[in-house]
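These are my notebook entries on a single model. I set down what I looked up, topic by topic.

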Amino acid sequence: DANWHPSALLPEQFLNGFTEDRVTNYQFSFNTMQRFTNYTIKIPGVNMQPSISGNYVVIIYLPDEKDNPVITRRFMILENKIDIAPNIHRATFVEERNNNQEVDFSIMHTNYRIDNPKEDIKVVIMQNDRSDNALYGLKPLFIKNNELVYDYEKGNVFNGGNEFREFDIRTLRYQTLRVAKYYYDTTGNNIILQPDVERSSLPYSVQGDINGKYQIKNQQRDNSNVEADYATIHFLLRYDNPLINGNLYVFGQLSDWKYKEEFKLKYDYEHRAYIGKAYVKQGFYNYIYAYVQDGKKKADETLIEGNNFQTENDYTIFVYHKPMGSRYDHLIGYKKVNTKNIY
């Protein structure tokens, strides 16, 4: 459903063809230190075609190990029925104006019938494609003729955060952006990044980024899918004292927008810094440092990175509709907008 809970639908009600299919399109790595196999699937495929709009999860697993998936990935199918008019700006309240961004918008449904907007419409707002801080449950503030207005002052506000940090390992032949040292040992390629510092006390600085994403690329090869190698990235964040009652993580699309154990940092008293490492494929990467307090599921990225209303972010608005009698949430609207043109 709109909240990613399993629906009550049977497979034949949302899939044409088979409910399972083998992944048969693959290539072996070439000219790389790390051997690997690159698999590709296409959806819809010859044997499996989703038939209705909404949220889907693809689960990839080894034979007879369905309960132990190798990969899960979310995707959505859209039936474009409405228009979304966004208005993103600095937060309205004075105490939030220096740090936060407010996402107002209207849903225009001139040629689409919505009988009970407050009950039948579900809206999800995501920042930079993250799911951990997504906003759910907003109801229309005003209901006009063929227009639903979501013009709140609270409840639709995000931390502006800061521009993402970055490193470039599209080549392993020489030092590139933010790379302090490269070496090869029995574990493979190793990249030591230049030390990072805490930015919450620093003034905002304009810096281009790709909003937490990454791009797989080997500049010296033609086919990065199979010719981009892997490397261990060594992170160091200078910090005078260890944080208590929580943990610090490297966070971004490189961590699947999750707080994974392999991206957790440890405090090094000798260097008075947090250190960690991650194994990634060659390319260009964005990341930030996120603090997760014990017992909490949502991180605070502003503790290390700072919080600025000027930060350039992507926002995506999803609109779902479950008409009376329907058994699932139709995805009827989608809008992606960037903040760089809003101030």
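**Entry 1. Second largest pocket.** I sorted the lining of the second largest pocket by class and found 6 nonpolar, 2 polar and 5 charged residues. For this count Ala, Val, Leu, Ile, Met, Phe, Trp, Tyr, Cys and Pro are nonpolar, Asp, Glu, Lys and Arg are charged, and the others, Gly among them, are polar. The volume of the second largest pocket is about 300 Å³. Of its 13 lining residues, those closest to the centre are His234, Phe235, Ile275, Gly276 and Lys277. Strand S16 (188–193), strand S19 (230–238) and strand S22 (273–281) each give at least two residues to this lining.

I note the terms here. The search runs on a 1 Å grid over the protein atoms alone: a cavity is a set of points where a 1.4 Å probe fits but cannot get out, a pocket is an open set with protein on both sides within 12 Å along at least five of seven lines, and lining residues have an atom within 4 Å of a point. Grid points are joined across faces, edges and corners, and a volume is the space filled by probe spheres set on the points. Strands (E, at least two residues) and helices (H or I, at least four) are DSSP runs numbered from the N terminus.

The model is predicted: local features need pLDDT of at least 70 and side-chain atom pairs count only at pLDDT 80 or more, whereas totals for chains, interfaces and linings use all residues. Residues are numbered from 1 along each chain as its sequence is written, and side-chain values use heavy atoms, with hydrogens and water left out.

**Entry 2. Cavity.** How many cavities of 30 Å³ or more does the structure hold? I found 1. The largest cavity contains about 90 Å³ of space. Its lining includes Gln127, Asn128, Arg130, Asn159, Phe164, Ile288 and Glu301. By class, that lining has 2 nonpolar, 7 polar and 3 charged residues.

**Entry 3. Strand S14.** I examined S14 (residues 165–168) and found both faces covered: Arg165 and Phe167 on one side, and Glu166 and Asp168 on the other, are all buried. Buried means under 20% relative accessible area, exposed over 50%, and partly exposed in between (1.4 Å probe, protein chains only). S14 pairs with strand S23 (residues 283–293) in the antiparallel sense over 4 bridges; two strands pair if DSSP finds at least two bridges between them. Tyrosine 287 in S23 is the bridge partner of arginine 165.

**Entry 4. Glutamine 282.** I placed glutamine 282 in the loop between S22 and S23. Is glutamine 282 buried or exposed? Its relative accessible area is 3%, so glutamine 282 is buried. Its side chain reaches the backbone oxygen of isoleucine 169 at 3.3 Å. A polar contact of 3.3 Å also links the side chains of glutamine 282 and asparagine 218. A polar contact is a pair of N or O atoms within 3.5 Å; within protein, one must be able to donate a hydrogen and the other to accept it, and residues adjacent in sequence count only if both atoms are side-chain atoms. Leaving aside neighbours within four places in sequence, the contacts of glutamine 282 include Arg170, Leu172, Gln215 and Asp229, where contact means heavy atoms within 4.5 Å.

**Entry 5. Open sheet.** I traced an open sheet of 4 strands in the order S10-S9-S24-S25, with antiparallel pairing. Its edge strands are S10 (135–136) and S25 (330–338), each pairing on one side only. Strand S9 (residues 121–127) pairs with S10 over 2 bridges, and leucine 135 in S10 is the bridge partner of isoleucine 125.

**Entry 6. Backbone geometry.** Most residues other than glycine have a negative phi, and most peptide bonds are trans. I therefore list the departures from this pattern.

- Isoleucine 43 and proline 44 are joined by a cis peptide bond, with omega about 0 degrees; proline 44 lies in the loop between S3 (37–40) and S4 (48–50).
- Tryptophan 4 has a positive phi of about 70 degrees and is buried, at 18% relative accessible area.
- Asparagine 146 has a positive phi of about 65 degrees and is partly exposed, at 28%.

**Entry 7. Glutamate 96.** I found glutamate 96 in the loop between S7 (83–90) and S8 (100–108). Glutamate 96 counts as buried at 14% relative accessibility. Glutamate 96 and valine 157 are 61 residues apart in sequence and 9.0 Å apart in space, C-alpha to C-alpha.
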